[in-house]
Amino acid sequence: KTIDGKVYEPMEHMIIDVPEEHLGAVTQLMAARKGRMENMSNHGTGWVRMEFAVPARGLIGFRTQFLTETRGAGISSS
């Protein structure tokens with residue numbers, strides 16, 4: 001939607017939990033979909049929680065690639 005010459009689009013808040021070894025792959029996957037990381041925390045248990053703001057259009061087809069990259073170990077919620 002364009003208002004006063006500026007483009008607005010629906011954004012979603014996405015929380016992703018992945019094992020540490022998949023951190024780079026998931027970060028690259030979200031960056032390709034215009035996701036902006038807002039927070040990242042490592043609890044020392046081998047898992048990392050990341051929070052992203054991502055356009056709703058960027059989540060189309062995301063789940064399949066996400067599960068492939070994390071070998072089914074990742075958890076995502078939006």
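Select β3 and β6 to begin: these strands pair in the antiparallel sense over three bridges. Two strands are said to pair if DSSP finds at least two bridges between them. Helices (H or I, at least four residues) and strands (E, at least two) are DSSP runs, numbered from the N terminus. Within this pairing, Asp-17 stands opposite Ile-75 in β6.

The model is a predicted one, in which local features need pLDDT of at least 70 and side-chain atom pairs count only at pLDDT 80 or more, while totals for chains, interfaces and linings use all residues. Residues are numbered from 1 along each chain as its sequence is written, and side-chain values use heavy atoms, with hydrogens and water left out.

Nine bridges join β3 to β5, and the two run antiparallel. Two positions may be highlighted here: Val-18 stands opposite Val-48 in β5, and the bridge partner of Met-11 in β5 is Pro-55.

Now display β4 as well. The four strands form an open sheet in the order β4-β5-β3-β6, with antiparallel pairing. β4 (36-42) and β6 (75-77) stand at the edges with a single partner strand each, so one side of each is left without a neighbour in the sheet. From one strand to the next, the twist averages 15°.

Select α2 against this sheet. The helix packs on the sheet, touching β3 and β6, and its direction makes about 15° with that of β3. Such axes are lines fitted to C-alpha atoms, for helices over the stretch in contact, and angles run from 0 to 180 degrees between N-to-C directions. Contact means heavy atoms within 4.5 Å.

Which residues form an aromatic pair? Show the side chains of Phe-62 and Phe-66, which are stacked at 5.3 Å centre to centre with 25° between the planes. Rings of Phe, Tyr and Trp (its six-membered ring) pair if their centres lie within 6.5 Å; planes under 30 degrees apart count as stacked, over 60 as edge-to-face and the rest as tilted. A search of the whole structure finds one such pair. Being four residues apart in helix α2, Phe-62 and Phe-66 are separated by about one helical turn. Both Phe-62 and Phe-66 are buried, meaning under 20% relative accessible area, against over 50% for exposed and partly exposed in between (1.4 Å probe, protein chains only).

Extend the view to the largest nonpolar core, which has 13 residues; those with the most contacts inside it are Met-14, Ile-16, Val-26, Met-30, Met-50, Phe-62 and Phe-66. A nonpolar core is a set of buried Ala, Val, Leu, Ile, Met, Phe, Trp, Tyr and Cys residues joined through side-chain atoms within 4.5 Å. At least two residues of this core come from each of β3 (11-19), α1 (23-32), β5 (47-55) and α2 (62-69). β5 gives the most, with four residues. Centre the view on Ile-16: leaving aside its neighbours within four places in sequence, its contacts include Val-26, Met-30, Met-50, Phe-62, Phe-66 and Ile-75.

Finally, show the whole protein, which has two helices and six strands. Along the sequence they follow the pattern β-β-β-α-β-β-α-β. Of its 78 residues, 29% count as buried.
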